[in-house]
Amino acid sequence: MGHVCHGLLCPAPPPVLTARRLRHLGMTTMQDRKPVESWLTDMDGVLVHEGQPVPGAPEFVTRLRTSGKPFLVLTNNSIYTPRDLRARLARMGLDVPEQAIWSSALATAQFLADQRPGGTAYVIGEAGLTTALHAVGYVLSDFAPDYVVLGETRTYSFEAITKAVRLINDGARFICTNPDATGPSVEGALPAAGSVAAMISKATGVEPYFVGKPNPMMMRSALNTINAHSESTAMIGDRMDTDILCGLEAGLETILVLTGISTRAEAERYPYRPSRTVNSVADLIGEI
């Protein structure tokens, strides 16, 4: 039943969504979140930056390891295998176990194995991606493959891109490990998978399915890998448009660090916010 306003029958105003009302509806607020029992953290801009460890990052990783809490280091970079990344991090003083590294290559391989077990793929990428696909039983082929899979590579070949365009035109499904347009390097920005994917899409009229961040599937696959739950997991990242968005859409607590891409001022311009912002992972050591 409505109520009278200005002599007319108007609908009753909606109930105020207080925290108590949200709980009654089965929804939660940040104050209702469970304590953090599992940690996901981005790598570039969070643990390392321009080839150097972020101050406090080695101590942060050590605390994660000694705490016994499940954790994963995430990266959208599909070039390297977890073993490669472990060695690269070790050279910078970060002792991250191989099994604690989760890349867009691993997430892509898992996605394809779930979608089409034992399928075939034409791959533009490096060892991180090809090794992950072999590990799930995929055959790499340029003869009528089920998928064209595009990942990062340091030497994009016009011949390989042309082959990908023709295979997609012939019916292969288009997958890309991540939508990042550029990647970091000591010399400056590098064109990344997202830029090459845009070129292939322009030539074929076919948009790829991106598996890596900000697709929340990347987070969910990571959570499944360590048997973690979204309501008690935090995601640490330096980019609002990938790490924070991805964590938010997967239902995680999100923590923005200011040691990478996004600044505090830039973060305020987005229509969504991290759960909180800290200067660096050094500020989180006491919470683990």
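A: For the angle between two axes, values under 35 degrees count as roughly parallel, over 145 as roughly antiparallel, 65 to 115 as roughly perpendicular, and the rest as oblique. The model is predicted, so that local features need pLDDT of at least 70 and side-chain atom pairs count only at pLDDT 80 or more, while totals for chains, interfaces and linings use all residues. Residues are numbered from 1 along each chain as its sequence is written, and side-chain values use heavy atoms, with hydrogens and water left out.

The part to examine is the pair formed by helix H4 (residues 104–115) and helix H8 (residues 216–225), which pack at an angle of about 85° with their axes 10 Å apart; H4 and H8 are therefore roughly perpendicular to each other. Here the axes are lines fitted to C-alpha atoms, for helices over the stretch in contact, and angles run from 0 to 180 degrees between N-to-C directions. Helices (H or I, at least four residues) and strands (E, at least two) are DSSP runs numbered from the N terminus.

On the H4 side, Ser104, Ala107, Gln110 and Phe111 meet Met217, Met218 and Ser221 of H8, where contact means heavy atoms within 4.5 Å. These residues divide into four nonpolar, three polar and no charged, with Ala, Val, Leu, Ile, Met, Phe, Trp, Tyr, Cys and Pro counted as nonpolar, Asp, Glu, Lys and Arg as charged, and the others, Gly among them, as polar.

The loops on either side of H8 also deserve attention. Proline 214 sits in the loop between strand E14 (209–210) and H8, and a cis peptide bond with omega of about 10° joins lysine 213 to proline 214. In the loop between H8 and E15 is asparagine 227, whose phi is near 55°, a positive value in a residue other than glycine. Asparagine 227 counts as exposed at 68% relative accessibility, given that buried means under 20% relative accessible area, exposed over 50%, and partly exposed in between (1.4 Å probe, protein chains only).

As for the interior, a nonpolar core is a set of buried Ala, Val, Leu, Ile, Met, Phe, Trp, Tyr and Cys residues joined through side-chain atoms within 4.5 Å. The largest such core has 30 residues, and those with the most contacts inside it are Trp39, Leu47, Phe60, Leu94, Val96 and Ile236. The elements giving two or more residues to this core are helix H2 (57–67), strand E6 (71–75), helix H3 (82–91), strand E15 (233–237) and strand E16 (253–257), and H2 supplies the largest share, four residues. Apart from this core lies another, of 29 residues, which includes Trp102, Phe111, Tyr138 and Leu223.

Among contacts between residues at least 6 apart in sequence, 66% join residues at least 24 apart. Cysteine 176 is buried at a relative accessible area of 0%, as is cysteine 246 at 0%, and the structure holds zero disulfides, a disulfide being a pair of cysteine sulfur atoms within 2.5 Å.
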